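This report describes side-chain contacts in one protein chain. Please consult the sequence and structure shown below before reading on.

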Amino acid sequence: MQIQIQTFTVHKRFPLTISRGTTAESNNILVKIQQEGIEGWGEASPFSAGKKPQTTKILQQALEQVAPSLEKFTPLDRQQIEQILIELEIPSAARAAIDMALHDWVGKKVGLPLWRLWGLERDRIVPISVTIGISTPEAAKQRVRNWLEFIDVRVLKIKLGSPEGIEADQAMLMAVKEEAPADALLYVDANGGWSLEDAVKMCDWLATVGVIYVEQPLAAVSAIADLPHLYSRSSLPIFVDESCFTAKDIPVLAEMVHGINIKLMKSGGLTEAMRMVYVAKACGLKVMFGCYSDSCLANTAAAQLAPLADYLDLDSHLNLIDDPFIGAVMEKGRLLPNDLPGLGVCLNRHLR
C-alpha cells in the first residue's frame with residue numbers, strides 16, 4: 001500500500017481558552033492510504049496533554065519515518081500494523097491517523113459505512129455538547145448566542161479552571177446558565193485547573209445549579225493521589241480526560257471516577273477507542289467521546305462509534321471557518337455519520 005502525508009491548517013471562528021491556554025488555529029495532518037484504487041483517509045491533530053506534547057512537527061516526522069516500513073502491508077493487516085507502531089513508539093495522534101485511514105479503506109472496500117459494518121444503531125446517538133471557553137461572564141453569554149445562531153444547542157460544556165479562581169468560574173457559569181436555553185444540559189470541564197480543596201467546593205456548588213457532571217477537576221499529575229478523596233466527597237459524577245489515554249489506564253481509575261473521555265488522538269485510533277469502550281463498560285463506567293482541534297474528518301471518525309457513547313463532545317469542527325472536509329451532519333443537536341462507505345468524508349476545499 002502507498003501512504004501520503006500532507007499538512008493543512010484550520011482556523012477557529014472563535015479562539016478557545018481552557019485552563020492550559022488559548023488556541024486560534026491548528027496545523028493538522030492528513031494521511032492517505034492507497035491500494036487497489038481505493039484511498040483511505042485519516043487525521044492527526046496536535047495536542048499538549050500527556051507527558052510529551054505532540055506537535056505537528058513531531059507527528060509529521062514520525063509519520064514520514066514509519067511510512068516506508070508499512071508499505072509491505074495491506075490495509076487489512078491492522079493488527080500487525082498496530083503492533084509495529086506501538087513498538088516503534090509512534091505518537092498516539094500519528095497512530096490515530098493511520099488507524100483511521102485503514103478503517104476508512106476497509107469500509108470503502110466493502111461499500112459500507114463503519115457504523116453499519118460494526119452493526120451499530122445510529123438512532124442511539126445522543127446530542128453533542130458545544131463548548132464555551134474560559135472568559136468573562138459577558139463574553140460567555142455572547143459565545144452562547146453565537147452557538148445558538150447556527151446550531152440547535154441541546155448541551156453546553158463550560159470550560160472552568162480560570163486562573164482568576166473559583167469565584168470567576170462561578171460567575172461565568174451562572175452567566176452561561178442565564179443565556180442558555182431553559183432545557184439545555186450543562187456539563188463542566190476544568191481541564192485539571194482546580195486544587196483538591198477547590199474541586200470539592202466546586203462539585204458541591206455545581207450540583208446545586210443543575211450541572212450534570214464535572215470533567216478532569218484535578219491535574220493529571222495529582223489525580224491518582226487525590227481522586228479517591230474527591231470521589232468519596234463529590235456531589236457530581238467525575239469524568240477524566242487527561243488522566244486516561246488507553247484501555248490500560250481504565251482499571252486503575254475505575255474505583256475513583258464515574259466515566260472517561262475517549263479521544264482518538266489520545267487513544268491511537270478507532271481500534272483502541274473501541275477497546276476502551278468495552279473495558280470502561282466492563283468496569284461500570286460511563287463513556288464520552290471528545291476532540292482536540294480536530295476537523296470534520298476526525299470527528300466523523302469518532303461519530304462512527306458514537307452509538308456506544310453516553311456523552312459526546314465532538315464540536316471542534318463546528319468552530320472552524322475553513323474546514324476542508326464534509327462528513328457527519330448535524331440533526332436536532334446530534335452529529336450523525338452518513339450512509340457513505342468508510343468514514344463517509346469528502347473534501348470541501350483544496351488543502352493548503
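## Salt bridges around K157

The side chains of K157 and D313 meet in a salt bridge, 2.8 Å from N to O; the term denotes a side-chain nitrogen of Lys or Arg within 4 Å of a carboxyl oxygen of Asp or Glu. The pair links distant parts of the chain, with K157 in strand β5 and D313 in the loop between β11 and β12 (325-326), 156 residues apart. Strands (E, at least two residues) and helices (H or I, at least four) are DSSP runs numbered from the N terminus. K157 and D313 are both buried, where buried means under 20% relative accessible area, exposed over 50% and partly exposed in between (1.4 Å probe, protein chains only).

K157 also forms a salt bridge with E215, the closest N and O atoms being 2.6 Å apart. This pair joins strand β5 (residues 155-159) to strand β7 (residues 211-215), its two residues being 58 residues apart. The relative accessibility of E215 is 0%, so E215 counts as buried.

## Basis of the model

This is a predicted model, in which local features need pLDDT of at least 70 and side-chain atom pairs count only at pLDDT 80 or more, whereas totals for chains, interfaces and linings use all residues. Residues are numbered from 1 along each chain as its sequence is written, and side-chain values use heavy atoms, with hydrogens and water left out.

## Further salt bridges

The count of salt bridges comes to 18. Among them, R122 pairs with D339, with the closest N and O atoms 3.5 Å apart. R122 lies in the loop between α4 (114-117) and β4 (129-132) and D339 in the loop between β14 (334-336) and β15 (346-347), so the bridge ties together parts that are 217 residues apart in sequence. R122 counts as partly exposed, at 24% relative accessibility.

## Aromatic rings

The structure holds 10 aromatic pairs; rings of Phe, Tyr and Trp (its six-membered ring) pair if their centres lie within 6.5 Å, with planes under 30 degrees apart counted as stacked, over 60 as edge-to-face and the rest as tilted. F239 and Y311 form an edge-to-face pair, 5.4 Å centre to centre with 85° between the planes. F239 lies in strand β8 (residues 238-240) and Y311 in strand β11 (residues 311-312), 72 residues apart. Both residues, F239 and Y311, are buried. Ring pairs also link Y187, Y213, F239 and Y311 into a cluster.

## Cysteines

The count of disulfides, meaning pairs of cysteine sulfur atoms within 2.5 Å, comes to zero. For C244, the nearest cysteine sulfur is that of C283, 10.0 Å away.
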